[in-house]
Amino acid sequence: MIKTGKTHLLVIAMATFVLLSCQAAFAGGRLLATGGVTQVEGSAGAGIVPWALISGTETQDEVGGTAFYTHIAMPNYGLDVAGASIGIKERLELSYARQTLSIDDNVTTPINTALALPTNTLSNTTLSQDVFGAKLKLFGNAVYDQNSMLPQISLGVQHKTNDDFKSVLGITGVPEVLGAKNPSGTDFYLAFTKIFIGGAGGLNLVVNGTIRETEANENGLLGFGCATTNAFVPTFVCKPGTGGYSTQGEGSAAVFLNPQTALGGEYRMMPDDLVSTQQDAWKDVFVAYFPSKEFALVLAYASLGNLPAGIGANGITKEQANGLYLSGQIGF
Amino acid sequence: MQTLKRIALVAAAALLAATIVPLRPVAADSLYDELGQKAGITKVLVDMVGFIADDGRINHFFAHADIPHLEGELVDQVCYVSGGPCTYTGKSMQDAHKGMDIKEADFNALVEDLQKAMYKNDVPLPVQNHLIAALAPLFDSVTYK
């Protein structure tokens with residue numbers, strides 16, 4: 001559900017984007033595909049992992065950016081993400097993305113019944129969050145430093161605010177019922193990206209590793225942290241020994257079959273703090289196609305791990321949320 | 001503890017992936033052969049100079065260049081970099097580009113013209129990539145001088 005305040009924010013973000021894109025008329029000096037694509041939180045990367053690359057087609061003398069839309073279609077869930085970024089002199093990336101997870105009535109209707117709520121109270125449930133990102137390139141150059149093994153290293157931050165922590169039912173929201181502690185949180189990450197030109201039997205190879213400090217449940221869609229007491233379902237609290245920030249590892253590798261087409265895979269560990277759910281690693285395999293510097297298309301098969309599938313005899317049931325991932329990006 | 005173990009696993013996998021892929025799998029001398037030795041290199045670079053002449057982004061850098069001399073120097077350099085029996089006798093890269101203020105976008109434009117020339121001469125993609133990898137470190141000695 002988009003509230004007026006959020007709409008204003010989106011309009012401001014888009015206006016800034018358009019304004020900067022006019023000023024950056026001379027961007028485009030970067031080599032094809034070296035800005036990557038946009039991952040689900042709006043940062044330059046691949047599909048689910050942020051990379052050390054700075055978004056856009058700009059060089060160190062220019063200002064560039066991207067706009068993107070991503071949809072992941074899973075049997076009982078759909079994740080839509082839209083956003084934009086500004087890349088400043090290949091040094092600083094500022095990004096905004098809005099994620100909306102739609103939950104099918106197959107999942108919500110049994111919960112609706114179990115909680116004895118009025119019919120269709122939970123129908124068309126969505127969980128949305130805003131992600132504001134910033135990424136600073138610290139050192140290294142993923143492309144030109146071919147005579148060394150040193151990667152490009154960037155430090156990133158993603159501040160997320162979940163809109164639906166308390167909004168469903170007018171009483172509370174899904175994240176709070178499931179035992180999340182906070183409606184907003186901030187992730188910090190270090191990304192290491194290296195392009196090995198000709199590194200995979202003559203084909204170009206991209207290797208990325210990212211280390212993230214986070215307390216986000218399902219990347220924030222299920223809120224942040226875990227509560228020690230829960231007024232709604234007393235057992236839905238922190239798993240023993242969890243809570244607060246934890247360190248998670250993420251990795252990607254891709255091979256360019258030709259200058260326009262990359263084939264890759266990713267793995268992203270997730271905290272697993274909530275008793276109510278089982279959070280697994282996110283994974284994907286993808287094909288990215290760059291017909292020109294200005295456009296990119298990504299087709300992937302993604303897994304967002306186990307998501308709640310309804311209510312069974314032993315409480316909330318889970319199922320693998322796997323599906324087709326489609327993303328389009330324009331860059332300038 | 002569980003998390004640390006998982007991180008160690010991911011890190012180990014990444015390290016393994018990095019070590020099984022050597023930086024330049026083809027030995028330097030075979031790159032010279034794969035480029036078609038001096039004759040092949042000359043064809044590519046003459047075409048590249050042609051593309052540069054038509055490239056409004058960077059042709060101004062070469063407005064006063066002695067083209068046959070430039071082509072000769074480029075051939076010598078690529079021959080040398082690819083492991084061929086040539087010696088580059090021109091100025092150092094830093095000196096040759098001093099005061100030109102070549103920017104990243106200019107360097108990339110030249111890379112694109114080189115790629116076009118290699119495609120025109122049917123240079124296989126792995127050979128193209130190996131040459132670009134060998135030339136990429138020139139970025140630091142050529143740009144912003």
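Student: At what angle do helix α3 and helix α6 of chain B pack?

Tutor: Helices are DSSP runs of H or I of at least four residues, strands are runs of E of at least two, and both are numbered from the N terminus. An axis is a line fitted to C-alpha atoms, for helices over the stretch in contact, and angles run from 0 to 180 degrees between N-to-C directions. Here α3 (residues 37-53) and α6 (residues 104-120) of chain B pack at about 130°, with their axes 8 Å apart. That makes α3(B) oblique to α6(B); angles under 35 degrees count as roughly parallel, over 145 as roughly antiparallel, 65 to 115 as roughly perpendicular and the rest as oblique.

Student: What kind of model is this, and how are its parts labelled?

Tutor: This is a predicted model, in which local features need pLDDT of at least 70 and side-chain atom pairs count only at pLDDT 80 or more, while totals for chains, interfaces and linings use all residues. Residues are numbered from 1 along each chain as its sequence is written, and chains are lettered from A and ligands numbered from 1 in the order in which they are written.

Student: Which residues of α3(B) meet α6(B)?

Tutor: Two residues are in contact if their C-beta atoms, placed from the backbone, lie within 7 Å. On the α3(B) side the residues are B:Val44, B:Asp47, B:Met48, B:Phe51 and B:Ile52. Their partners in α6(B) include B:Leu110, B:Leu114 and B:Met118.

Student: Which residues of helix α4 in chain B are buried?

Tutor: A residue is buried if 20 or more other C-beta atoms lie within 10 Å of its own, exposed if 12 or fewer, and partly exposed in between. In α4(B), the buried residues are B:Leu74, B:Val75, B:Gln77, B:Val78 and B:Cys79. After this helix comes B:Gly83, with a positive phi near 90°.

Student: Is A:Leu274 buried or exposed?

Tutor: A:Leu274 is buried, because 25 other C-beta atoms lie within 10 Å. This residue sits in the loop between β13 (261-268) and β14 (282-292) of chain A. A:Val237 is 37 residues from A:Leu274 in sequence, yet their C-alpha atoms are 6.1 Å apart. Beyond its neighbours within four places in sequence, A:Leu274 has contacts that include A:Leu178, A:Asn217 and A:Lys239.

Student: How many helices and strands does chain A have?

Tutor: Chain A has 3 helices and 16 strands. Of its 332 residues, 55% count as buried.
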